[in-house]
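Okay, thanks everyone, let me put this one up on the screen. I'll go through the sheet, then the helices, then the pocket.

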Amino acid sequence: MTDQILPQVLEQILSDSKSADAVFSALVPALGEVLNCDRVFLYLRNPETQTGRVPYCWRRNSNIPEVWDAEWKKEPESLGEEDPLFAAALRTEPSIFVEDVETANPEVVNKDFEAKNFGHRALIHAHLCSDGLLWGVLQPCMFDRPRVWTDFEGQVIAAVTEKISPLAVAYVTASGSKDEP
């Protein structure tokens, strides 16, 4: 993936030598603006302990529900069965672009699970993987209406996930999440 794909604001955030926290703090809102979406959150997880948290969430406005976790939490054992998007992420499949949760293939999206847990209508389920393991999910989304994701947006997500996957590993391994239940 060439760097020319990324808008300047994202390239600047990703090219500076900063901590994972600094990059993620700057990236999540910038990505929301670049993709013109309603919310972007970053779920980070420890694949050894199956614990995770959402330490970064940007919302276009306060009417959009916030997703955020202060503490590491054990993932429900049934998560991969209930959520086909998460199951695909666990298999380290390519990121998934959902144009409309309401009409998506039920083998790809569990409409009821998405409505209950997230409330969005369209989303990108971007998988942060390294060495065959899932370390996080970056999730830009839209509320109240479907969204056709463009090829450009797909290229941006591919470039961003490639660049931040090593940062997700660094964040998780440095966070002490291995000691959580």
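So, we have an open sheet of six strands, antiparallel in its pairing, in the order E3-E2-E1-E6-E5-E4. Edge strands are E3 (73-74) and E4 (96-98), each pairing on one side only. Strands here are DSSP runs of E, at least two residues, helices are H or I runs of at least four, and both are numbered from the N terminus; two strands pair if DSSP finds at least two bridges between them.

Quick caveats: this is a predicted model, where local features need pLDDT of at least 70, side-chain atom pairs count only at pLDDT 80 or more, and totals for chains, interfaces and linings use all residues. Numbering runs from 1 along each chain as its sequence is written, and side-chain values use heavy atoms, with hydrogens and water left out.

Now, E1 (residues 39-46) and E6 (residues 133-142) share six bridges, antiparallel, and Val-40 has Pro-140 in E6 as its bridge partner.

On to the helices. H2 (residues 20-35) lies across E1, E2 (51-59), E5 (122-130) and E6, at about 50 degrees to E2. H6 (residues 151-174) lies across E1, E2, E4, E5 and E6, at about 50 degrees to E5. Angles, from 0 to 180 degrees, are between N-to-C directions of lines fitted to C-alpha atoms, for helices over the stretch in contact, meaning heavy atoms within 4.5 Å.

Last, which elements each supply at least two residues of the largest pocket's lining? They're E1, E2, E3, H3 (79-82), H5 (111-117) and E6. H5 gives the largest share, three residues.
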